[in-house]
Amino acid sequence: MHDQHVYILLGTFNGSRHIGQQLESILAQTFRNWTLLVRDDGSHDDTIDIVRRASGLDPRVELLPDD
């Protein structure tokens, strides 16, 4: 299982209340060979900013473009 790579797909919409805790939980997993792909559906809160900060701290977190 050491050579396997896991892709985690996360859809978001106005989730700023909980997205930080959700990202912390994913980052705390003992299995380290993963990529988190986040796609936001037009949030009007701080969701995108929170995900961008997380992606700046960990390159495994990627915010997918809106197009």
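Six of the seven residues of strand β2 (residues 34-40) are buried, so the strand is mostly covered; buried means under 20% relative accessible area, exposed over 50%, and partly exposed in between, with a 1.4 Å probe and protein chains only. Helices (H or I, at least four residues) and strands (E, at least two) are DSSP runs, numbered from the N terminus. The model is predicted: local features need pLDDT of at least 70, side-chain atom pairs count only at pLDDT 80 or more, and totals for chains, interfaces and linings use all residues. Residues are numbered from 1 along each chain as its sequence is written, and side-chain values use heavy atoms, with hydrogens and water left out.

Strand β1 (residues 6-12) pairs with β2 in the parallel sense over seven bridges, where pairing requires that DSSP finds at least two bridges between the strands. L37 of β2 is the bridge partner of L9. From β1 the chain crosses through helix α1 (residues 16-27) to β2, a right-handed β-α-β crossover; right-handed means that, with the strands pointing away from the viewer, the path from the first strand over the helix to the second runs clockwise.

β2 also pairs in the parallel sense with strand β3 (residues 61-63), over three bridges. Here L37 has E62 of β3 as its bridge partner.

## Helix α1

I19, L23 and I26 are the buried residues of α1. They cover an arc of only 65° around the axis and therefore lie on the same side of α1; the arc is that of the directions from the helix axis to the C-beta atoms. These buried residues pack against β1, β2 and α2. Exposed R17, Q21 and E24 are on the face turned away from the buried side.

## Nonpolar core

The largest nonpolar core has 11 residues, including L10, W34 and V61; such a core is a set of buried Ala, Val, Leu, Ile, Met, Phe, Trp, Tyr and Cys residues joined through side-chain atoms within 4.5 Å. α1, β2 and α2 each supply at least two residues of this core.

A54 lies in α2 and is buried, at 10% relative accessible area. Leaving aside neighbours within four places in sequence, A54 is in contact (heavy atoms within 4.5 Å) with L23 and V61. With the same exclusion, I50 is in contact with S16, I19, G20 and L23.
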